[in-house]
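This report covers a helix pair and the sheet beside it. Start by looking at the model.

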Amino acid sequence: MAKIRILPDALASQVAAGEVVERPAALVRELVENSLDAGASHIEVHAQRGGIAMIRIVDDGSGMDREDAMLCLERHATSKIRTKEDLGAIHTFGFRGEALPSIASVSRFRLATREKSALVGTEIEVNGGKLVAVRDHGGAQGTVIEARSLFYNVPARRKFLRTENTEFAHVEQQLRLHAIANPQVAFTLTHNGELVLHLPATRDMLERIRGLVGDELSSRLLKVEATTVQGITVSGYIGGPGMSRSNRQMLTTYLNGRPIESASISYGLREGYHTALMKGQHPVTFLFIQMDPHAFDVNVHPAKKEVRFHDGHSVRDAISRSVSHTLENAAKLPTGHAPAPARAVPAPPAAARVPLVPDSRQEQFTMPVAASSAPLRDLPQTRPESPGPGVSHRAADVLARIATERSSPSVQPQPSGAPAPEAPPLEEEDAEEPQEPKAAPTPQPDYRIIGVLQKLYVLMEGKEGLVMMDQHAAHERVNFEKFRRALESGGVPCQRLLLPVTLQTTPRDADLLKQNLAALNRLGIEIEPFGPNIFKVETLPAFLKTDDPAAWLDQVIEELSSLSTKASSLRLSEDAIATIACRASVKSNDVLSIPEMQGLLKDLFACEMPYCCPHGRPTLVQISTSELERKFGRRAPG
């Protein structure tokens, strides 16, 4: 007797439904996307008990006639695609034809729809995949879809649902994602009869964001001007330096209007923020990417959350350039920051440093000179003999120049008065890349120093209120950019190994190393072929302290595989330089004179990124006059 049997249609539909509709939020995602594809200008979402008891979607879209209303409940029936060629260039949110039959198979389902020109519409009821009734419908133009008792006939799936509050939180988040991408559409969300969201239609993207996240956060966002690189257009809003979250809830990215998650996009964001983001933190982004639908595949995930790019490196580069350009050209001090706790930043182990100018009796401004005149190779005191806490030995630490070697030198602006380093020769493929203009130094605001708090925070009066500067973080940023320029202009000091290290690699890794031999040599890694897929390493960077060079070099090869193949205006990681800058900077309890503070402030605003240290911590925090007035009761809150 045969063991293999064909599943009944009802059971097959329930199995397939588990991939498309795993919780109420997935139902909302599919139905709202259908409403958007139908051209709706107003979408209502009503939920009961987190969406488990009931989800109802009401839209004023194009609606359907009776024939289409019956066909849409059949599996793989869709109006979005016709041929296999259409699958390679999808312009709509939906395309599989699985959502409605999947929902109808695991709920008590009702569909009511009417076209604009029709005198009467159609209403269909389905319980657990079985057609119950088809009747005329006299409602308004558009479509109403209601799903009650979700998973009532699939207890194995229902038991995996979370609490009502958790499920509704996912429902609300899903609606927020679509509301941000479609400000021209009005959205309404109710839960158990109570209004949760009411978002009128608007043409202003920032107005829609403000309606969802509030005035305080939206006022601190930086606008990403639409920029096209290699056919990829990036625009939207991002959080400024020092503005981050411990989770990814505020990290939203869209591809042709579809909310997605992608490793290439996440990597591009990390590269774009570079040292403006603290480790372990995630940026606040509302980023929109537009590109040819033929250049990516959205048919790789049941929930359509992930996409596969044909050229992920170009996507990374476009995002990183747009984000870094926005951050570098943000000339406004971020406002609305909550004041930092009045405590000293934990200082690393003591290390020798060049002292600041000690003469506090000078009448002229005296700029700090800590490690300002000596190149990196002349500062051995900043490198401890043995690695201490906070010293990173990751392979990415010395890959700081790999991306730089592949980029145009014109995208690396220099502080005013600093000599421009000699640009390395461009690769042939990079020579065709458009040159980006240098970013001008941030104009220095007119601040008046009024005191020092706990020998660390410099208090200043500005036009907009009170400004506090962390002297250690500020000097760390100044030294960081100074040391980085030294590395970029003169190369990395290296140390010769007593015994050369031999690396046996795979053919793929061997090809990566051959492509990057010149860049690795400039990083202090003298490496050359020594046979088929074998390489010999003679030197390593001088600041590197490791007991296993071979293992560390394996990490280098792994990091190389993640680099962009095209030009990139950022270094992937500069933890080693940041550590050196930290040890050479003034610490808490170091008393500075007024001229030294003024000089430090002047140097800070000559940096590319003055508002945060190399580790992403803010250098400046502002408390506006209006906020001070509210705290002292001179202005009503709000």
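## Helix pair

A crossing is right-handed if the near helix is turned clockwise from the far one by less than a right angle, and left-handed if anticlockwise. The crossing of α10 and α11 is right-handed. Helices (H or I, at least four residues) and strands (E, at least two) are DSSP runs, numbered from the N terminus. The axes of α10 (residues 263-273) and α11 (residues 312-328) come within 7 Å and cross at roughly 30°. Axes are lines fitted to C-alpha atoms, for helices over the stretch in contact, with angles from 0 to 180 degrees between N-to-C directions.

Contact means heavy atoms within 4.5 Å. Among the residues making it are Ile265 and Leu269 of α10 and Val315 and Ile319 of α11.

## Model basis

The model is predicted: local features need pLDDT of at least 70, side-chain atom pairs count only at pLDDT 80 or more, and totals for chains, interfaces and linings use all residues. Residues are numbered from 1 along each chain as its sequence is written, and side-chain values use heavy atoms, leaving out hydrogens and water.

## Sheet

Five strands form an open sheet with mixed pairing, in the order β9-β10-β15-β12-β13. Strands pair if DSSP finds at least two bridges between them. β9 (221-229) and β13 (258-259) are the edges; each has a single partner strand, so one side of each lacks a neighbour in the sheet.

β10 (residues 232-239) and β15 (residues 285-290) run antiparallel, joined by six bridges. Val234 has Ile289 of β15 as its bridge partner.

## Helices on the sheet

α10 packs on the sheet and touches β10, β12 (251-255) and β15. Its direction makes about 120° with that of β15. α11 also packs there, touching β9, β10 and β15, at about 45° to the direction of β10.
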